[in-house]
Amino acid sequence: MARSQTDALDYKVLQRELKEKGPGPLYLFWGEEDYLRDTFVAELRAACLEEGWEEFDAKRLDGRQLDLDMLSDALDALPFSGGRVFVELRDFDPGQCRADTAQRMMTLLSNIPEWCTLVITLPTGQAPDGRLALVKHCKKIGRAVEFTTQPQDKLLPWIARRFSGLGKRIGRVEAERLIFLSGDLMNRLIPEIEKIAAYSSGEYITVKDIEAVAHRIPEADVFEMCDCLSRRDIEGAVLRMAELLSTKESPIAILAVLGGQMRRLYAARLAQEQKLGAEFVKEVCALRFDFIAKKLMDSARRFTTEQLADAVALCAEMDYRMKSSSQDDEELLKELLLRLAVGGAA
């Protein structure tokens, strides 16, 4: 395949291309959404292999311990059946290749037999360095796809289908609450969906069901803590901080999330002053969901611009103190919350 561009994920396009054109010789996959990546790898594998011959014509190699001789043998092997040979190089980091290894690998990739398909996957969440000759070569001769998290119009129906498969129904508001609390990665949502479905006693999933058993990501607690501060609900903010500190998250990691949220609130407040809409806020704050952008803007309205500017500065100050002093990080985080609370809201 003579593709030179890297494509952002459109899963239906990938499926349609596979159905219409069949498997290609080389694929380079990476990205946060490992559920869709692994699902498509399985579809590629099924398209390549004749039923009953999987054990003979499929080979999986560990990219963390790359053996080029093994890779060469796998690529050159003839299929036992009338199908193709399917080779997966898993968790491969092109940046760890020495120059001579990269050069030899590029030679191998340029000569993949017509009966073979090679899929190279990077470790989850790691992006390829586009400056590397090996990465450029893969993108030039193969299909390079980043498996990104899914947008609202695709993730909400997917959540509904997962619940439906478990004999449950979920509405839009409830699905949005699940995304807000547990994040938007499918592999993380699947166990939460199964847990909530098992917990719920009725046909319809309620917000109470979700609140009772869903795992909360730190971003959700920080968002709600800042929202409590905007409404002068100090007790609620303290409760959210206590919940955060009771998890395995380090204070400095919590501070990073809190600082990011304060910067988003500040950006949203500035956008409101300039009469810029929700789409601008979504873009500048890198938000993928309309309902989260709305919650952010509602919260930002209850702060003054000066309060949020001070909050951003306070987070930066606390970050410096955590990294440069011997003071207890948890105590510094509590001090930050107190100083943010004293700042009050408009």
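Me: Which residues does Ala74 touch, not counting residues up to four places away in sequence?
Reply: Ala74 touches Lys59, Leu61, Val85 and Val87. A contact here means heavy atoms within 4.5 Å. Before we go on, this is a predicted model: local features need pLDDT of at least 70, side-chain atom pairs count only at pLDDT 80 or more, and totals for chains, interfaces and linings use all residues. Residues are numbered from 1 along each chain as its sequence is written, and side-chain values use heavy atoms, with hydrogens and water left out.

Me: OK. Where is Ala74 found?
Reply: Ala74 is in helix α4, residues 68-76. Helices (H or I, at least four residues) and strands (E, at least two) are DSSP runs, numbered from the N terminus.

Me: Is Ala74 buried or exposed?
Reply: Ala74 is buried, with a relative accessible area of 4%. Buried means under 20% relative accessible area, exposed means over 50%, and partly exposed is in between (1.4 Å probe, protein chains only).

Me: And how many Å apart are Ala74 and Ile193?
Reply: They are 39 Å apart in space, C-alpha to C-alpha, and 119 residues apart in sequence.

Me: Let's zoom out. How many helices and strands does the protein chain have?
Reply: The protein chain has 17 helices and 6 strands. Its C-alpha trace spans about 70 × 50 × 40 Å along the principal axes. Of the 346 residues in the chain, 48% are buried.

Me: What about contacts between residues at least 6 apart in sequence?
Reply: In the protein chain, 77% of those contacts join residues at least 24 apart.

Me: Now helices. At what angle do α7 and α8 cross?
Reply: Roughly 105°, and the axes of α7 (residues 152-165) and α8 (residues 172-182) come within 10 Å. That makes α7 roughly perpendicular to α8. Axes are lines fitted to C-alpha atoms, for helices over the stretch in contact, and angles run from 0 to 180 degrees between N-to-C directions. Angles under 35 degrees count as roughly parallel, over 145 as roughly antiparallel, 65 to 115 as roughly perpendicular and the rest as oblique.

Me: Which residues meet there?
Reply: From α7 you have Gln152, Leu155, Leu156, Ile159 and Phe163, and they meet Arg172, Ala175, Glu176, Leu178 and Ile179 in α8. The residues of this contact divide into 7 nonpolar, 1 polar and 2 charged. Ala, Val, Leu, Ile, Met, Phe, Trp, Tyr, Cys and Pro count as nonpolar, Asp, Glu, Lys and Arg as charged, and the others, Gly among them, as polar.

Me: How many residues of α11 are buried?
Reply: 12 of its 13 residues are buried, so α11 is mostly covered. Among the buried ones are Val222, Phe223 and Met225.

Me: What covers them?
Reply: The cover includes α8, α12 (234-245), α13 (251-273), α15 (290-301) and α17 (329-343).

Me: And how far does α11 reach?
Reply: Helix α11 (residues 218-230) reaches 18 Å from its first C-alpha to its last, close to the 18 Å expected at 1.5 Å a residue. The expected span is 1.5 Å times one less than the number of residues.

Me: Which residues of α17 are buried?
Reply: Leu332, Leu333, Leu336, Leu337, Leu340 and Ala341. What covers them includes α11, α12, α13 and α16.

Me: Is Cys285 buried or exposed?
Reply: Cys285 is buried, at 7% relative accessible area. Cys138 is buried too, at 5%.
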